[in-house]
Amino acid sequence: TTEIYTLSLHDALPIYIREVMQHLAFEAHASLSGQEGVANIHEGELVAVLRPLFRDDDNKAQLALDYIEKRAGLLLGQGPRGHERQYTFPHRTFQEYLAACWLADQPDFCQRAVDLARQNPAHWREVLTFAARQAKAGRGVPSADALVHAQSVEAWSKENQAGDVDWRAAVLAGEQLLEIGLAAVNVREEHRAVRRRAAGWIGSLLEKGGLPVSERAKAGIVLGLLGDERPGVGVKNGVPDIDWLEIPPGPFKMREGKEEHDCKVITHSFTISRYPVTVAQYQAFVDAGGYAAKRFWTDAGWKWIQSEKVSGLEDPD
């Protein structure tokens, strides 16, 4: 039955009211596109969505609304504005969570996720990551895969050119996988393949320099958590896998303020790693005893490390 006869303080909110609230949160969040905070919801709108659960009985719908506000605490009354009261969800994150619960239950969740991510990724980011977790790996991982076109960046780029929308969707795909949890994602090979695809997209983003620096920095963190498999950033057989680049001698353009000039300090060729040393690579160095070896320190550095009383230092003799 869809009729509610009692509203008990000690019972869980009936599932049909919960579904109504989740859908309401989704619609409320959609109405705030590009705005901060929580949405204002008219009392009449709330009564209207609750009324069908009570055979169009306004009194029972109002009773349910009172329960939702005063006992369950899912809505906060804001007092009258114009001719009726206004309500909001207690917090934006709660509004986003309820919206995510509704979204995750939709049969076309994957396509909706893609559409929302392309419309306004910043506005829907929390909703889409929460939704992936609610959908669990079985439906959440395919959602992340849809955000990267279900293809590796190399395959997709043969006939397409990635833009900011694609890069942001790829980062969001990585965040969805992290929200689901890599332990759950890595159970199945087809899901591990999605993780690798998402990581490949984010790695390509960093290589090509797409998006503003602040967004690339966040993307780098996501990639590190997913597992960065690019050559030069990990460890092979316990040894740092460094991708060395040779820098030839000769002048190069150097900028100081707004002025640019030829700098001629490079008189001999040398090699440098393509990427900064990663935590995993430095950990391999530490595990091999390199941190405690005097030959890897300057005199000043060795003096400092001795003053810190680091254990396991090699005998300088």
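The model is predicted, with local features needing pLDDT of at least 70, side-chain atom pairs counting only at pLDDT 80 or more, and totals for chains, interfaces and linings using all residues. Residues are numbered from 1 along each chain as its sequence is written, and side-chain values use heavy atoms, leaving out hydrogens and water.

**Pockets**

A pocket is an open set of points on a 1 Å grid over the protein atoms alone, where a 1.4 Å probe fits, with protein on both sides within 12 Å along at least five of seven lines; lining residues have an atom within 4 Å of a point. A volume is the space filled by probe spheres set on the points.

| Pocket | Volume | Lining classes |
|---|---|---|
| Largest | About 300 Å³ | 5 nonpolar, 1 polar, 5 charged |

Around the largest pocket you will find P121, R168, E175 and K218, among others. Two or more lining residues come from each of helix 6 (121-147), helix 8 (164-180) and helix 11 (213-226), and helix 8 gives the most, with 4 residues. The second largest pocket has a lining that includes G224, D228, R230 and Y275.

M254 belongs to strand 7 (residues 252-256). Its relative accessibility is 32%, so M254 counts as partly exposed, a class between buried (under 20%) and exposed (over 50%).

Conventions:
Nonpolar A, V, L, I, M, F, W, Y, C, P; charged D, E, K, R; others polar. Buried < 20%, exposed > 50% of the residue type's maximum accessible area, 1.4 Å probe, protein only.
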